[in-house]
Amino acid sequence: MLRAAVDADRDIVLTWRNHPEVRAVSLTRHVIAPEEHARWWAGVAADPDRHLLIHDDTGVVIFDTRADPPAWSFYLDVAGLGPNLLKAWMRLEREAVDYAFGDLGLTRLGGETLATNAPVLALHRRFGFTERRRYERLVDGTPQTVVWTERGKTQ
């Protein structure tokens, strides 16, 4: 189940985000300091075009409706989920897509994934996302190939 994030979630979300396996597939790989995270959290919380949601107290979903098409990202409590990670990933993606096209009323949704993150790209394909383009982006100073995937409401 998805719910709006509250300030009490801030520290646990930082723990999830700083897990080495999450950082390894993120577009920003450094360990995020509490002060940096607090600034980001406050910015998202104050922006009506960004939506920060908690999934089953084991993951976070971020929707950014400022862009066209709107974008999303997510990560999970890798350490806490253990062998239940794949099941949680699938449930999160299903519920996030439903939320985007239902509660948020979006007609399209896209997101960036590192080309090396084959499991997430496969998951996105399973949920109707298609690759639209690839491009290079600096990730902590190193060029990385990023895959933009997208889907519409009716897929």
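**View 1. The salt bridge between Glu150 and Arg108 in the predicted model**. Glu150 pairs with Arg108 in a salt bridge whose closest N and O atoms are 3.2 Å apart. Because Glu150 belongs to strand β7 (residues 142–152) and Arg108 to strand β5 (residues 108–114), the pair ties together parts that lie 42 residues apart in sequence. The two partners can be described by their accessibility: Glu150, at 6% relative accessible area, is buried, whereas Arg108, at 32%, is partly exposed.

**View 2. Glu150 and Arg132**. Glu150 also forms a salt bridge with Arg132, and here the closest N and O atoms are 3.9 Å apart. This pair links distant parts of the chain, with Glu150 in strand β7 and Arg132 in strand β6 (residues 130–139), 18 residues apart. With a relative accessible area of 46%, Arg132 counts as partly exposed, while Glu150 is buried at 6%.

View 3. A search of the whole structure finds 12 salt bridges.

**View 4. The packing of helix α1 against helix α3**. Two packed helices are described by the angle between their axes and the distance between the axes. Helix α1 (residues 10–17) packs with helix α3 (residues 34–45) at an angle of about 115°, and their axes are 10 Å apart; the crossing of α1 past α3 is right-handed. On the α1 side the contact is made by Arg10, Val13 and Leu14, and on the α3 side by Pro34, His37, Ala38 and Trp41. Sorted by class, the contact of α1 with α3 contains five nonpolar residues, one polar residue and one charged residue.

**View 5. Helix α5 and its buried residues**. Helix α5 (residues 85–101) has 17 residues and reaches 24 Å from its first C-alpha to its last, which is close to the 24 Å expected at 1.5 Å a residue. The buried residues of α5 include Leu85, Ala88, Trp89, Met90 and Leu92, and among them are also Glu93, Ala96, Val97, Tyr99, Ala100 and Phe101.

Methods:
Residues numbered from 1 in each chain as written. Predicted model: local features only at pLDDT ≥ 70, side-chain atom pairs only at ≥ 80, totals over all residues. Heavy atoms only, no water. Salt bridge = Lys/Arg side-chain N within 4 Å of Asp/Glu carboxyl O. Helix = DSSP H or I, 4+ residues; strand = E, 2+ residues; numbered from the N terminus. Buried < 20%, exposed > 50% of the residue type's maximum accessible area, 1.4 Å probe, protein only. Expected span 1.5 Å × (residues − 1). Axes fitted to C-alpha atoms, helices over the stretch in contact; angles between N-to-C directions. Left-handed = near helix turned anticlockwise from the far one by under 90°. Contact = heavy atoms within 4.5 Å. Nonpolar A, V, L, I, M, F, W, Y, C, P; charged D, E, K, R; others polar.
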